Amino acid sequence: MRKCIQHPKLLSSLALMWAVLTLPACSLQEISRQSDALASTGNITGEVSVQGESNAPIYVHLYRRENAVIKLIDKNTVQSNGQYLFTVQPGTYSVAAFIDGNNTDGTVSYNSTANRAIKNDGEYVAGDWVNYYGQDQGEPTFVVVAVDEEVSVPRLVIKGPITLRPNIDVMKQLGKNTKNIGRVVSLDDAMFGRDFASMGLWRPFDFVEQVGGGLLLLQEYDENKIPLLFVHGMGGSSAEFVDIVASIDQHKYQPWILYYPSGVNLDLVSDYLLEALQQLSHQYQFKQLGIIAHSMGGLMIRSYVMKKQQSAAPYDVKFVVTVNSPLYGMESAAKGVKNSPIVLQAWIDVARDSAYVKRVHSWPWPDTIPYHLVFSYLPGEDGDGVVPLNSQLSQSLQREATQIHGFEAQHADILKQPIFMEKLNDILADF
């Protein structure tokens, strides 16, 4: 039996077509189904306010109704402007919002102004101040989200604790990517193997169900260290950073990783990253974050930084380093979108002159975030063997960058190159 491509990177248009056409028919059908499902997602948006004052985090739970069963499938934090967002498949949904009330050590603390309990674990317990859509009617109200539709839920006003109806049963079915936020793992874990990384590209729903991925920690949280986030690229995994992680000053930095299905829309990834970091900021109150992103991860990070600046998140991005990133898109991806019998959603965003590329470059990089732009090249080639220089570099990128660093290295091999790691550690030492 033929196997799927094991570790595809950003490919030339010819290699991209060959990778698709040589897949088994059953794989083609499943890849097409999952890509179509990603293209059909919609959004649920809303706003939450509190009657009175509170400085405690507010969480929103998302429920999906399937026949007569109500399932808790996701949770998000409310942003500082009171708004929240869920990206969903077509279906029937409802929401509830609550103020987090107990400390992680089991004790209860109070806002001195509002005399209200504050906690950081993101779990609802009886006595928390809460409201749900439909509370005035005594039972949940549901909304139907169609393909590519955005549905706005009326504002939820939290006034105090409520008594929940005992006959409303909810099945808790949070996804692994939600459960994994903040989980401590090792880069030796089988989840970072090439087969799973390939699954994340070609079959992202299977990846989320079987692997989960998520925003993961490589050591227990330490309040005296700066979180340093590593973001991989298309078809890659966090294991590619193993040499760099081993080389950094771990007395100063604690390594975090974003492991995601790389075949999905880049905005879905940046939305997840923004939300996951928001949850960890509530849990740990970290104030600074450094980011190192390789390949397509660097392109995704532009939308994350844009959204982070707009959300007024309670932490600062201390610096960003992008490495060999297709920041201005790939012509090969554009040809693949045009000619391939199956189109992955990530290809659409990475394509040269895509709507995503234009949008993230229409927004100016903030002067308050130092940006180190790393590019590489190979002799006799226009770029690093994967990403051409006209995508890694441009006049606007050079104006934005605090510093630009060039290396003679292949696209992925740079992550193991001693001279690159030495320069990277020089950069980290400056912060």
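Contact here means heavy atoms within 4.5 Å of each other. Helices (H or I, at least four residues) and strands (E, at least two) are DSSP runs, numbered from the N terminus. The model is predicted: local features need pLDDT of at least 70, side-chain atom pairs count only at pLDDT 80 or more, and totals for chains, interfaces and linings use all residues. Residues are numbered from 1 along each chain as its sequence is written, and side-chain values use heavy atoms, with hydrogens and water left out.

Start with the sheet. Strands of a sheet pair through backbone hydrogen bonds, either parallel or antiparallel. Here seven strands form an open sheet with mixed pairing, in the order E13-E15-E14-E16-E17-E18-E19; two strands count as paired if DSSP finds at least two bridges between them. Strand E13 (214-217) and strand E19 (403-408) are the edges, each pairing on one side only. From one strand to the next, the twist averages 20°. Four antiparallel bridges join E13 to strand E15 (residues 253-259). Leu 216 has Ile 257 in E15 as its bridge partner.

Next come the helices. Helix H7 (residues 266-284) lies across E13, strand E14 (226-231), E15 and strand E16 (288-294), and runs at about 45° to E13. Axes are lines fitted to C-alpha atoms, for helices over the stretch in contact, and angles run from 0 to 180 degrees between N-to-C directions.

The axes of H7 and H8 come within 9 Å and cross at roughly 50°. H7 and H8 are therefore oblique to each other; angles under 35 degrees count as roughly parallel, over 145 as roughly antiparallel, 65 to 115 as roughly perpendicular and the rest as oblique. Among the residues that make the contact are Leu 273 and Leu 277 of H7 and Met 300 and Tyr 304 of H8.

Helix H8 (residues 296-311) also meets helix H11 (residues 355-362), their axes coming within 10 Å and crossing at roughly 50°. That makes H8 oblique to H11. The residues in this contact include Met 300 and Met 306 of H8 and Tyr 356 and Val 360 of H11.

Finally, the whole structure holds 16 aromatic pairs. Rings of Phe, Tyr and Trp (its six-membered ring) pair if their centres lie within 6.5 Å; planes under 30 degrees apart count as stacked, over 60 as edge-to-face and the rest as tilted. The ring centres of Phe 286 and Tyr 315 are 5.1 Å apart and the planes are at 40°, so this pair is tilted. Phe 286 lies in the loop between H7 and E16 and Tyr 315 in the loop between H8 and strand E17 (316-323), so the pair ties together parts that are 29 residues apart in sequence.
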